[in-house]
Amino acid sequence: MLLDGVLILIAIIGALVMWLRWNYGYWKKRGIPYVEPTIIFGNMKEVITGSTNIGVVSQKIYNQYPGEPAIGFFNMRQPVLQLKDLDLIKAVLVTEFSNFRENAMSITKQADPILGRNPFFLTGDEWKEARKTHTLNHTANKLKTLFKYIEEVKDDMVNYIKKNIGRKFEAQDFSGRFTTDVVSSCVFGVKTCSLAEEDSEFRKKSIEILQMGWKWSLFMISPSIFSILRIPLINKGIQDFFYNLVKDMVEMRKNNKLTRSDFLQNLINEKEHNFTMMEMTAQTMTFFIDGYATSATEMSFLLYMLAIYPDIQDRVRNEINNVEKLDFDTVHHLPYLDAVFNETLRLYPAGVVLSRLCNQDTTLKGGNKTFEFKKNDRIEIPVFALHRDPEHFPEPLKFKPERFLNNANHPALLTFGAGPRACFGSRFAKTQIKTGVAYLVKNFRILPGTEDRSMPTVNNSKTVLLSPDKEMSVKFENL
Ligand code: HEM
């Protein structure tokens, strides 16, 4: 009896081990060089155990086979192909997009009614439809009408700093408060005052959304579990907060015949769709979540770079002082500020990898090899590693904005992705970050908050987006 039990247990363990290792011969069979996986973790042990983030792990994989156009690895049991060759990357993201349409992460709206409607997680016709609505709301003209709200928040920020000269600010928290205020005003028409009010409810909710709890960690590695088990990534309390906010704003505007030229109003005015309240909540939250956190991350690195490189800051200030008026148009025509922006986002891209799913067998050439992509192959574009590859960017760890002065469209710069799925919020992001930073530089000298002037390293795995290992503190001084 006991022997039977032991034999059954051995058989179960044996079957489990076989199942866990089943795919590990995948890349060998396909003749593609790959990184040897370990059981259970595949090549993601450091991510799963929280010792580093996906960007750094992806860079280690990238560096294993110099000269290879693509490398296989395993996300736990899942085989993934990392593309290194720029022609292959362009084919997958742009020219052969119809065969690589979907992100390799998706979540259904049954599992999460908010994120399940975010274009990033949508597939097929639903993605096309949602993308169209968002793109129409991000034209230069629509953004121009939002600029007055960005200016209001910028004025509040400048006045707030004038009263807090010499105070030390943590750059991520400071930038997060600025972008929370900008995005809530442009999206919901709500004045949130996160800078002046330390305990602003909006700020608390915005932090909560992206805290790297067990849900986000698991989702990054195995997104399908969430759709299968119908687990929402955004908890019910946050969903209800934003649902009620949107409902109150819509009713208030309708009952009082008020209008405002913000994103919510565009959705209310949209006659073709007649959006439900949940659809409006999801659309506004797409803009809010994707818009405030990514921009806050990049703005904080940019402020810190200006603080530790005073010569670069002076050059930005000279450029700004030569412009008569800083407005929507001029803020986008400051070549040196643009180069500093691009160089910051090269070194510190908020999204460290892109992913795609092959939806149709496709043959592509990369380097001197031919690759047979099979339906359902998962693909990774290693943004962080490409941005730090000396072949694309000589002396990659040095902060050198000049490399982008006459070369803003470098093919290896993928901060906002590329092709039909590229970030449609990039123009809004650039507008809010550059406006905020330009006015700070124009009015104040930005200094590091401590004696430390080293560039931040980024192994941190505690947040969904890239974040520094050390506190990046800054302070402001009158000019
Ligand atoms: C500096 C700030 C930002 C960065 C670094 C950033 C980065 C990215 C990246 C890397 C992607 C994936 C692109 C791809 O797969 O090819 C993306 C997609 C996306 N971004 Fe952004 N983003 C920023 C700001 C914004 C803003 C302000 C919004 C909202 C208005 C936004 C909304 C989105 C959405 C909805 C997608 C999914 C697009 C799709 O799959 O069709 N992002 N972003």
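This is a predicted model: local features need pLDDT of at least 70, side-chain atom pairs count only at pLDDT 80 or more; totals for chains, interfaces and linings use all residues.

Reader: How are helices α17 and α19 oriented towards each other?
Author: Helix α17 covers residues 335–347 and helix α19 covers residues 426–443, and their axes are 11 Å apart. The angle at which the two helices pack is about 115°, and angles of 65 to 115 degrees count as roughly perpendicular. The orientation of α17 and α19 is therefore roughly perpendicular.

Reader: Which residues of α19 does α17 meet, and how many nonpolar, polar and charged residues does the contact have?
Author: From α17, the residues taking part are Leu-337, Asp-338 and Phe-341, and they meet Lys-430, Ile-433, Lys-434, Val-437 and Ala-438 in α19. Sorted by class, the contact of α17 with α19 has 5 nonpolar, no polar and 3 charged residues.

Reader: What is the handedness of the crossing between α17 and α19?
Author: The pair in question is the one formed by residues 335–347 and residues 426–443, packed at about 115°. Where α17 passes α19, the crossing is right-handed.

Reader: Which residues make the contact between α9 and α14, and how do they divide by class?
Author: The axes of α9 (residues 201–209) and α14 (residues 277–308) come within 11 Å and cross at roughly 80°, so the two helices are roughly perpendicular to each other. Helix α9 contributes Phe-202, Arg-203, Ser-206, Ile-207 and Ile-209, while α14 contributes Met-285, Phe-288, Ile-289 and Tyr-292. By class, the residues of the contact of α9 with α14 divide into 7 nonpolar, 1 polar and 1 charged.

Reader: Which residues are linked by ring pairs into a cluster?
Author: The count of aromatic pairs comes to 27. Phe-202 of α9 and both Phe-288 and Tyr-292 of α14 take part in the contact of those helices. Ring pairs link these residues with others into a cluster, whose members are Phe-188, Phe-202, Phe-241, Phe-242, Phe-288 and Tyr-292.

Reader: What is the geometry of the ring pair of Phe-444 and Phe-476?
Author: The centres of these two rings are 6.0 Å apart and their planes lie at 65°. Planes over 60 degrees apart count as edge-to-face. The pair of Phe-444 and Phe-476 is therefore edge-to-face.

Reader: Which strands hold Phe-444 and Phe-476, and are they buried or exposed?
Author: The pair links distant parts of the chain, 32 residues apart, with Phe-444 in strand β8 (residues 444–448) and Phe-476 in strand β9 (residues 473–478). Residues under 20% relative accessible area count as buried. At 0% relative accessibility Phe-444 is therefore buried, and Phe-476, with a relative accessible area of 1%, is also buried.

Reader: Is Asp-377 buried or exposed, and which residues is it in contact with beyond its neighbours within four places in sequence?
Author: Asp-377 is found in the loop between β6 (369–373) and β7 (378–381). With a relative accessible area of 5%, Asp-377 is buried. Leaving aside neighbours within four places in sequence, the residues in contact with Asp-377 are Tyr-26, Arg-30, Arg-356, Leu-357, Cys-358 and Glu-372.

Reader: What is the C-alpha to C-alpha distance between Trp-216 and Val-464?
Author: Trp-216 is found in helix α10, residues 214–221, and is buried, with a relative accessible area of 9%. Trp-216 and Val-464 are 248 residues apart in sequence, whereas their C-alpha to C-alpha distance in space is 7.1 Å.

Methods: Residues are numbered from 1 along each chain as its sequence is written. Side-chain values use heavy atoms; hydrogens and water are left out. Axes are lines fitted to C-alpha atoms, for helices over the stretch in contact, and angles run from 0 to 180 degrees between N-to-C directions. Helices (H or I, at least four residues) and strands (E, at least two) are DSSP runs, numbered from the N terminus. Angles under 35 degrees count as roughly parallel, over 145 as roughly antiparallel, 65 to 115 as roughly perpendicular and the rest as oblique. A crossing is left-handed if the near helix is turned anticlockwise from the far one by less than a right angle, and right-handed if clockwise. Contact means heavy atoms within 4.5 Å. Ala, Val, Leu, Ile, Met, Phe, Trp, Tyr, Cys and Pro count as nonpolar, Asp, Glu, Lys and Arg as charged, and the others, Gly among them, as polar. Rings of Phe, Tyr and Trp (its six-membered ring) pair if their centres lie within 6.5 Å; planes under 30 degrees apart count as stacked, over 60 as edge-to-face and the rest as tilted. Buried means under 20% relative accessible area, exposed over 50%, partly exposed in between (1.4 Å probe, protein chains only).
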